[in-house]
Structures are given as C-alpha cells and as structure tokens.
Amino acid sequence: LSLGMDVYGYDPYVTVDSAWNLSRKITHVLNVNDIYENCDVITVHVPLLESTREMINADAISRMKKGVILINMARDLLVDEKAVVQAIDEGKIRRYVSDFPNPIVAGHRGCITTPHLGASTEESEDNCAVMAVRELRDFLRYGNISNSVNYPNCTMGVCEQAGRIAIFHQNKANMITQF
C-alpha cells in the first residue's frame, strides 16, 4: 500500500481477529487463482503444511501474468524452484526473490537470494524475548494462551480475585510450586 500498489490478499483460514486488523484498502479474494492471474508481484506468507507444500508449482506459474515477480520469504518448500527456474528461463517469471539460497536458485539469472536471517537481528531477538516474557507472564497470571504453535489462542480474561498458591519452606528459602 505504501508503494502505491493495489494489494490483493488470499487466506482461506483468516480469523476474525486477523480480518479486523486488515486494511480496508486490501482486496480480499476467495480463490488463490485470482492472485496468480491478476498480480504483478506475488509474495508468499504461509506456513509449510502438506496442503501448502509446492503450492507455487508449474500449474500455478502457468496461471501467472508474464513478467511476474515472485517473493518467498516464508518457507523454501512452498515453491517448486525447478519450475520457477524453468519459468525464468522461458520469460514467464521476471524475478524470484527468496531468502533460501540453494544450488537451484543461488546464482541463477533472475534469482535474488539472501540468507534466511530475518529473525536473527539484534532488534528481533530483543522483541522476541520481550514478547515471550509477556506471553509467559499472561499465562502464569491469568491462564491466557496466545501465539502458541500447537494450541489455539485462549483468553480467560484478567483475574479479579487472587487464588491460592502453595509455598513450601525448605532450608529457610521459599520455593513456589512449579506449574
């Protein structure tokens, strides 16, 4: 949006919370083929699942506009890179940008690769640490779960009344039971 582009988004599993956070200027499409057929620049932002593995394949590429720029900073196995290289050689894809350099794409004409370091900057490490402490504190205080890898977000609200906690005395030191 900041670059003056018309932005299309496709997410078959969009949550209500995510939908509320989307800009009204983003066009939500219900079929991924609408992305392939209408967009000049396609970025991939999905987790690697069996259903998304090689979602960008020869069939998807055949639906894309000629001269498309494809950006994958999510997971390397979302893209069939052999099909991408072939499409670059044939002039279908103008550029492939990825932070997963490998022998297939690294150094190939039309491919721009960078190391996969996005979460390794000093700022991101600090932000992740702060976020982890806040989420752990929220869980320990109120039982709320957010951003778990294997459990849905679960909000119990804020505790209005203190519960009981067991404190054991051992060698004159207080030890709080572990959760």
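A salt bridge here is a side-chain nitrogen of Lys or Arg within 4 Å of a carboxyl oxygen of Asp or Glu. By that rule, this predicted model comes out with four salt bridges. The idea behind the cut-off is simple: side chains of opposite charge can pair when their charged atoms come close.

**The overall layout**

Before the pairs, a quick look at the fold. The protein chain carries five helices and eight strands. Going along the sequence, they come in the order β-α-β-α-β-α-β-α-β-β-α-β-β. The chain has 179 residues, and 22% of them are buried.

The table lists the pairs, among the four found, that have named partners here.

| Pair | Closest N to O | Relative accessible area |
|---|---|---|
| D40 and K65 | 2.9 Å | D40 48%, K65 31% |
| R53 and E50 | 3.3 Å | R53 37%, E50 64% |

Start with D40 and K65, whose closest N and O atoms sit 2.9 Å apart. This pair links distant parts of the chain, 25 residues apart: D40 is in the loop between helix 2 (32-38) and strand 3, while K65 is in the loop between helix 3 (58-63) and strand 4 (68-72). D40 is partly exposed, because its 48% lies between the 20% and 50% limits. K65, at 31%, is also classed as partly exposed.

E50 is exposed at 64%, and R53 is partly exposed at 37%.

**Patches on the surface**

Now for the patches. E122, E123, E125 and D126 make up a negative surface patch. One of these, E123, lies in helix 5, which covers residues 122-142. E123 has a relative accessible area of 54%, so it lands over the 50% cut-off and is exposed.

A nonpolar surface patch comes from L3, M5 and V41, which together have about 300 Å² of accessible area. V41 sits in strand 3 (residues 41-44) and counts as partly exposed at 31% relative accessibility.

**A check on helix 5**

Does the geometry of helix 5 agree with or differ from what its residue count gives? The helix has 21 residues, and at 1.5 Å a residue they should span 30 Å; the end C-alpha atoms are 30 Å apart, so the two agree. Just after this helix, G143 adopts a positive phi of about 80°.

**One more spot: N31**

N31 is found in the loop between strand 2 (26-29) and helix 2. With a relative accessible area of 38%, N31 is partly exposed. How far apart are N31 and G9 in space? C-alpha to C-alpha, they are 9.7 Å apart, with a sequence separation of 22 residues.

Note on methods. Residues numbered from 1 in each chain as written. Predicted model: local features only at pLDDT ≥ 70, side-chain atom pairs only at ≥ 80, totals over all residues. Heavy atoms only, no water. Patch = residues over 30% accessible without salt bridge, like charges linked within 9 Å, V, L, I, M, F, W, Y side chains within 5 Å. Areas by Shrake-Rupley, 256 points an atom, 1.4 Å probe, with all protein chains shown as cover. Lys, Arg positive; Asp, Glu negative; His and termini not counted. Charge placed at Lys NZ, Arg CZ, Asp CG, Glu CD. Helix = DSSP H or I, 4+ residues; strand = E, 2+ residues; numbered from the N terminus. Buried < 20%, exposed > 50% of the residue type's maximum accessible area, 1.4 Å probe, protein only. Expected span 1.5 Å × (residues − 1).
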